[in-house]
Each structure stands twice: as structure tokens, then as C-alpha cells.
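Reader: Hi! Could you walk me through this model?
Author: Happy to, here it is.

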Amino acid sequence: MYFLSGWPRRLLCPLRSSERPFLIEPSAQRFYLAVLSETQISIWFSRPSVLIVSYIESGKAAAQFGFYQQVEWKADDSMIAVANGYVLLFDIIAGSDEKYLYEPVYPKGSARVKVTPGYKEEQCAPALTLEMKKPIDLEAPISCLQTLQEDLLVATADGYLHTLHWDSVSNGRRAVNLCTIPFSLDLQSSRGGPCLDLGGVHIRDMEYCTTLDGFAVVFDDGRLGFITPTANRLATDQLQGVWAADVSDGTCVAVNNKYRLMAFGCSSGSVLVYMIDSSTGSMQLSHKLELTPKHYPDIWNKTGPVKMIRWSPDCSVVMVTWDCGGLSLWSVFGAHLFCTLGEDFAYRSDGTKKDPLKISSMSWGVEGYHLWVIGSTDATPVPDGAEGDEKLQQAGILQFQFIKSALTVNPCTSNQEQVLLHGEDRLYLTCGDPTQAHNIPDKSPSRDSGGSPLRRPSASTPLSQGLSTLLGHKHWQVVQIHSTYLETNWPIRFAAIDWSGQCVAVAGRRGIAHYSLYTRKWKLFGNVTQEQNMTVTGGLAWWNDFVVVACYNFIDRQEELRLYVRSSNLDNAFASVTKLHADTLLLNVFRNVVILFRADCSICLYSIERRHDSPSPSASVELLQEVSMSRYIPHPALVVSVTLTSVRTESGCTLKSMATGICLATNILLNIFFCLFHSRPVFLRQLPFCPPVVLAQCVENVWTTCRSNRKKRHLMEALWLSCGEAGMKVWLPLFPRDHRKPHSFLSRRIMLPFHINIYPLTVLFEDALILGASNETVLFDGPGSSSLEALFPFCTVERTSQIYLHHILRQLLVRNLGEQALMLAQSCATLPYFPHVLELMVHVVLEEEATSREPIPDPLLPTVAKFVTEFPLFLQTIVHCARKTEYALWNYLFAPIYCLSNMEVPAVSRQHATLLFNTALEQGKWDLCRHMIRFLKAIGSGESETPPSTPTPQEQSSTGGFEFFRNRSISLSQSADSIAGGKFNLQKTLSVPFGPSSKG
């Protein structure tokens, strides 16, 4: 997901001595940012991060119009609007073609500078000027601004919504009184309920949501609402609204267009995330974003009201700040990523507490690589400032740097088993040393090889085991993106890695480039004109040793699907090009099939086959099927990912193409803004398309694999989902044991939820591991309390991993699927950390149930304890768990002899010690016999019958819950015959009791 990197940078902004910047607003493409102070507008460029132009209001104008308060950009970046009691419209005028503020200097003879049209413009900070138009007086204080393509929407404190045209001349202006807009709990009048009285109320904050075609609004009395037009224009008789019940402390709002979510900040410090119900039109609470007392005990309820909310440009994360200061980042569905109000962000190395950074305004930069932040107090005087009384100061703008997962914008890597992160100029990979594993020469394969040098992995390929050996360290393989490519094509928008983890490809503003970890070399377009004449639109992926790209050709004005072979020069002469009929939004590859999702809400499926009839490596592409999904998708921008998968459906069949012999995937997965849809077989022309069904909600990422392993079918044929604050879910297949015919009334699959402690970035299917990343911080104790190094810790990103198998086994046992749990566990018994999996399962269940304050009607611990007896190391598992468990809970696992002297009277202790001594003699356990003799001598001949200390009420209630299960037989492998006869079998049982011994 998103991770902080390094220290923030401070950008100095010259202002008048009495002023400080208080607002920052990005343009639509985020290449420009407007910084506002009381009497000054500053326009900044994103790369390089430099000040382009400033407009300083005269003292006379400030006295007439007032101080600046709000700023808004036009959609095409050609104008800005500033509110200061009036609406001031400014034209942004570009300089001449040969005039730039900053120009890069290159060595003489650089071919890229000479032959690239438009090269210089993309590398230079442009020269701009601001020219103010005639002010517009709305005769009321202005509360907020919002752009609407060619119109500007202005909310005023007298309760009106004004629609202004950006040219301030044509169409005049229109005004709507909020009191005339009908508000109800939903958009169906028959169930509308009470209407909202908006007398004397105005809009405090609002934001337009494109995919919902409406405005999320916060009123000045704290109520929340959503206003939508019934036609294409904002008029009194064509507006209607819904409001959120039982909320009256709203402070701000931000909308997520991709997921159709509205995030409302509240005075309580929480963020309420709402969605619009598709059937009723009402506002439904999706989830909350709030700090928890478990992780932030000192600050969770002292943050004050939410001050500002900002979604990232790719809509995958949201940043929140409060009146007390601090920054906190959540994923789209509520997984908490980091917060600067705790740990090293909040405390110095000596333990003293820092004052949190109070933020006036913040904004994400291009592609989310930077967060621009304006603090409440941050200024540095300049001794040799301007002449006269116009002294200047350098007010600071902080620029936090981020790296993010490639899944956020290019979800085609969801079927890979590597973690790929990218910053603005480098890549982070989890793969190891390519010279020691997967030695892949950068040469073209011969015709006799019959295929790609990057052969598809099979069950015998040591890919999984190789990845397991890389889990012991936390370091990354860092690849610096070629500076020549970055100079012209920053920012990097897409990145993809192949299945072997040895080849990566990136796509910036124009063209592509790819890198081989084996040769440690980048390949760029030799013909820069070809690079600049294409832009990647739908993403890129790897198919064997080909880079698959969905791009737009500026010369032909045509959308295309291109395949570039890795071993040849990066040139269109070696590319396989297929013309497309609509813009491509998403791309994915599964086995030998490419799936495209297009702007007309259709899905196209293409087969890829390697050609052997040409001297250079090439591939042929053939259209398999085209399916329209417009009935199920309200807006093409709402589709987060499209994935092919071979997971078996209820029918349990897989399809094969008789003509080509290519094994085809049987299902399509569509992650559409809030729900994950699953579609049945679609490919073969003779089969009809099956409508999709909903598998899960609130899905952020999906993982599946095209590989197979019959020994681990449960893991390889499962579908893995990341669901934000709800943790993870796995759509697990259920198989009959010993190839018996399954019962008709049993489902073929089951959805199991479980929580993990890391944010998942990929799943190692055969290794039963989840890989992720986390932020780590390092404090700096240098001189100067105001330096950035002292205010903020240095942030690094470290690799993390977590075992998940014990969660799944537990969920299966809870659902009385002991047979499936046993099959799954036996398939993973050879994993080196499998004993730890059993230990974790016993420990977690023991801690939860034995420390419960209430009696548990159906405890799981006896079932788990009997389950682990199916494995040879079950006694070792119990002992290891006991070592990490409090002494008071040992009696739930076993009755150890050295505990009997403290828990039982001497007579009972001698009785059990003698039984164990006799058993040890029979089995020849001489070391144990020696210990038992010593123990019997230590007990002595005292006949005191003083009972042990009374357990606590908590222990009593927990023990009472297990009395029924102590002698209960529990089945782990139920056959059809045993179920019919009412008999339950268990091959092994513990030879020691589960609870404390009964006293006579």
C-alpha cells in the first residue's frame, strides 16, 4: 500500500513578513499547486518542486475585497478562482514556446535533446503569469468553492448555492436556496420519512463525486447530506437530497470517485465513511476510521475534531489530520497503515513527548508520491529581504515522500508471488540474488527449445522454496529507474514484475522501459520518437518473456495492444500490435489469455501464442470473445480490477480449447467499487455468458494463481481477498476425502474470514505465507530542536511476513469441518514452520477461552487439543505452548507433575507421580524415572490434606465451561458410514486430562 520514506523535505516559499501560507490546492492533474496566504497566490510546479509565479494583492485591493480565503482550479488548469468576500477569477497564461523559468543542462551531443519533439517542454518548469478578471460580488460571505467542468459552484453563508460560468460572462449566474431542496432519508418518496429543515443553515464544506453525480455536503450545524441533480443542470426544481440520520457533528468531507465513498470528518475525531444504497438512494454507513485505545492509549480520544481529509490520487488510501495535529493513513476500507501521533513520531529518544505537527492544509502530489503539507507555524526570516517595509520571510512547505504497492494502480500483478513497490524514481523488490537462483540468460530461445526461456512454473519448480529462503531478512532489492527515461517520462504510473521475479517493466507519462535483474541493465526505446508517440492506458503485464501493454498511439490516434519481447531491442519493429476499438482501462494476463476491460464497459479476451515462423521472437494474438458488462457496471471508472482465475465453481469443471489445446481459465473476477463479482465460464464461443454473482464486499485486493499442485489443492485453488479493517478472507475449496463422492447438500466452497497483523501485499500459496511491508522509524538525536531530523524520525520500509494457516484451521474446526482441516494440515505438514502453526492455534484459542470472563457455551479448546494429536509432534506442541503461557492456565493443557505439589494435596500428588513412575519403568524412560524418584522423595510422608489455593473467579468460570467437554469424544474424520450410524471416531487422544484433576 502506501509507506513513508526518509525524512520530509522543506520547500521555502517567500511571503510578506506578516503572512503565512494556510491553504494548498492541486490542479486536476496535480502538476501545479496553488498556495494561498492572506494577500498572495503562489503557483508551484511539481517536478522540479519550484515556485513558478506569485500574485500579490495590493493594500488598496485587500482593503476593498478582503483577505484570500478559498481557491479552486478549473478542470483544464487554465484558470483559478479565489474567494475573499468576492469571487476573483484568474487566467493562467503560459509564456512563449521558448520561455521557461528552469531548464535542464545536458552534455553536448545528447541525442535525446536533439531528436525528441516536445522533450524540452516536458523537462522545464514553465513560465506562467496570472491575470485577474473582473471580481464577482455574491453579496454574502463565501464558505466553499467547487469546480464543475465549465461551471463553478459557490456556497455562501446566506444559504444559497451559486452556479457561475468560468468565463464570468456567458450564461450569467444561477442561485438555488437550500431551503427549496427537498431532503429526506432516501430518494423514494414513499419511504422518505421526515424532511430536513434547512432554515438558516448554509454549506460549510462540499465536494463533487463524478461517479455518483452529486455533492457530498456538510452543513454548518454539523449535519451531513448528499445533493444530486435530476437533470443536467442545477436548478431548484431539479435537485434533491438525502441526509444521514443521527449525525450532527460533521466538520469536513472528501469523496472517493473510484469506490463511490464519502468520508465525513466529525468533531469526535472519527471519520464516517458513507455509501449510497443503490436500491433506495439512502446514505448507508460503510465503516469508520478512528484511532483505537489499544494502539494509541494516550491520544485516541484527545485528537479533537477532524480538520481535513484527503484521498490519494488512485483512491486507495486516505490521509486524515485533526485540530491537535498529526497525520494518519488508512486504506480505502479501513486498514490502519500509520499515524504520527504515536511511537517515534510522538516521543524523543529520552522518552519526552514531542508537540505534534499542526497542519493548516495538505494535498497529495502527482501519483501519490508526495504529500504537500502546510504547518500552522513554520517560518524562517530572511535578513536581506525585499527593500523597504516589504520584508520577506521563507515560510516552509513540507513534502512527505511515499512509496506504494504496484497493486494500487496496476492490479495485474495479483497473480504473482513477489512484492513490488515503487517510488517516484526507484523500485523495491522482494526477490533474491538472481545469480544464485533462476539464472535466466538474456538471449533469444532457439527454435528447438519449443518455447520461452522463462518456462511456466510447475509443481516441481523451486519457486516457492526459493521465496521461503528470502523470508529471513527484511531488506529489499532496490532498482534505480533509468534517469534518461525519468527525465522525459516522470512520473512512473505503472510497474509490473514477471513470475520469476527477475524482470520488471515500468511505464511513465510516455513509453515503457524494462529491467533485467540478471544482467542488471535497463532497456529503453532506441528511437525516442516511438517512445513519445505512445502512452500506456490500461496497464502492463508480463507473459513469459513478453511485455504486454495496452496503450494509445498518438500518430494513428488508435488504441492498441502491444507485445514487446524482452530479449530484443525495445522497438516497434519487434512488437506484435493488435488494433483495439475502444479505450482500455484495465489489463490482466492469465496463462495464455489476455483480458481487457474497456471504457465502454466491455470485456475482451485474447489468446496469445508464440510464433516460430519468424527469425525474431514474436507472438500472435487472437480475439476469443467480447462480452458487454454495461448491465452490471454503472460507470467504467468504478472497476478496480479484472482478473481471470481457474478456481472451480459448483460444477467443478475446467474448460479447454479443442482447437489450440490451450488450457483456459473458467471464471472472471470483477472488483467493482464495493463488491467482488464472480462470473461463470465465458470463453468458448459455443457457451453462453453467465451473469456475475457477488462473492464478497469491501474488497481491496484479490490473489489467485495459475499454477497447480495436487498435494496442496486447498491452498492453490483458493481465492484470497484483502478486505481492509475486516482483515482477510479466503474462498476455500472443500474436497471429499479419499476421492469419495461428495454429498449433494454440501457446498463446494466456503468463505472464511481471519485477521492478520500486517497489510497483505501478496500470498505465497504453497508456502502458506502472506508477505507485506511496514514502516520502521529511526530517531535522530542531532543538534537543533527545530530541524526536520529532530522533529520527525527517519522512515524506512521493511519486509514483513505472517503465517496464516492456523487461522484457517481454526475457522474450519469452528464450522465442524474437522475432516477438511485435517486434510489441509496434512498437506502442509512438511513445511518447516508447521509445528509453530499448531502451537499458534493452541495458544490463541487457549488465551481467548481460558481468560474469558463469561462461560463459553461451546468451547473450541478441547477440539483443537484433540486435533493436534493427529500429528506426531503433538506433545512437543503442547509443551512449547505451555512455555509461553501463564502458569495459571497450564491446567487446561495437561497436569504436569511439578505442578501437582502446588495444585493438589500430597496424597493425590503421590498417586499421580507413582502412576507416571510405573509407566516410565515399563517404557524404559530411565531419565524420567530418575526425576520421578527425586520428586517422590521431595513430597515426603506428610499427610496434610490442605487443599491448594482457590482459583480466581475468572478461572472458575472458564473451568466450568470445559467440564462437559473433558470426556467428550470429538470427530475429526467423519465418513458417511459413521455419520449414518451416529458414531464418531478419533484415532488418537491425549493421554493426559485437559483440566484440573477432580478431587475426591
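Reader: Great, what am I looking at, and how are things counted?
Author: This is a predicted model, in which local features need pLDDT of at least 70, side-chain atom pairs count only at pLDDT 80 or more, and totals for chains, interfaces and linings use all residues. Residues are numbered from 1 along each chain as its sequence is written, and side-chain values use heavy atoms, with hydrogens and water left out.

Reader: Thanks! How many helices and strands does the protein have?
Author: There are 18 helices and 62 strands. Helices (H or I, at least four residues) and strands (E, at least two) are DSSP runs, numbered from the N terminus.

Reader: And what share of the residues is buried?
Author: Of the 1000 residues, 56% count as buried. Buried means under 20% relative accessible area, exposed over 50%, and partly exposed in between, with a 1.4 Å probe and protein chains only.

Reader: At what angle does H9 cross H11?
Author: Roughly 55°, with the axes of H9 and H11 (residues 834–850) coming within 8 Å. Axes here are lines fitted to C-alpha atoms, for helices over the stretch in contact, and angles run from 0 to 180 degrees between N-to-C directions. That makes H9 oblique to H11; angles under 35 degrees count as roughly parallel, over 145 as roughly antiparallel, 65 to 115 as roughly perpendicular and the rest as oblique.

Reader: Which residues make that contact?
Author: H9 brings Leu805, His806, Leu809, Arg810 and Leu813, while H11 brings Phe834, Val837, Leu840, Met841, Val844, Val845 and Glu848. Contact means heavy atoms within 4.5 Å. By class, these residues are 9 nonpolar, 1 polar and 2 charged. Ala, Val, Leu, Ile, Met, Phe, Trp, Tyr, Cys and Pro count as nonpolar, Asp, Glu, Lys and Arg as charged, and the others, Gly among them, as polar.

Reader: Nice. How far apart are the axes of H11 and H12?
Author: They are 10 Å apart, and H11 packs on H12 (residues 861–868) at about 160°. That makes H11 roughly antiparallel to H12. The contact includes Leu838, Met841 and Val845 of H11, and Leu861, Val864, Phe867 and Val868 of H12. Its residues come out as 9 nonpolar, no polar and 1 charged.

Reader: Switching topic: how many disulfides are there?
Author: The search of the whole structure finds 0, a disulfide being a pair of cysteine sulfur atoms within 2.5 Å.

Reader: Last one, the loops. Where does Lys74 lie?
Author: Lys74 is in the loop between strand E7 (70–73) and strand E8 (79–83), and with 10% relative accessibility Lys74 counts as buried. Leaving out residues up to four places away in sequence, Lys74 touches Met79, Thr147, Gln149, Glu150 and Trp166.

Reader: And Tyr259, buried or exposed?
Author: Buried, at 5% relative accessibility. Tyr259 sits in the loop between strand E23 (250–256) and strand E24 (261–266). Its C-alpha atom is 8.9 Å from that of Ser316, 57 residues apart along the chain.
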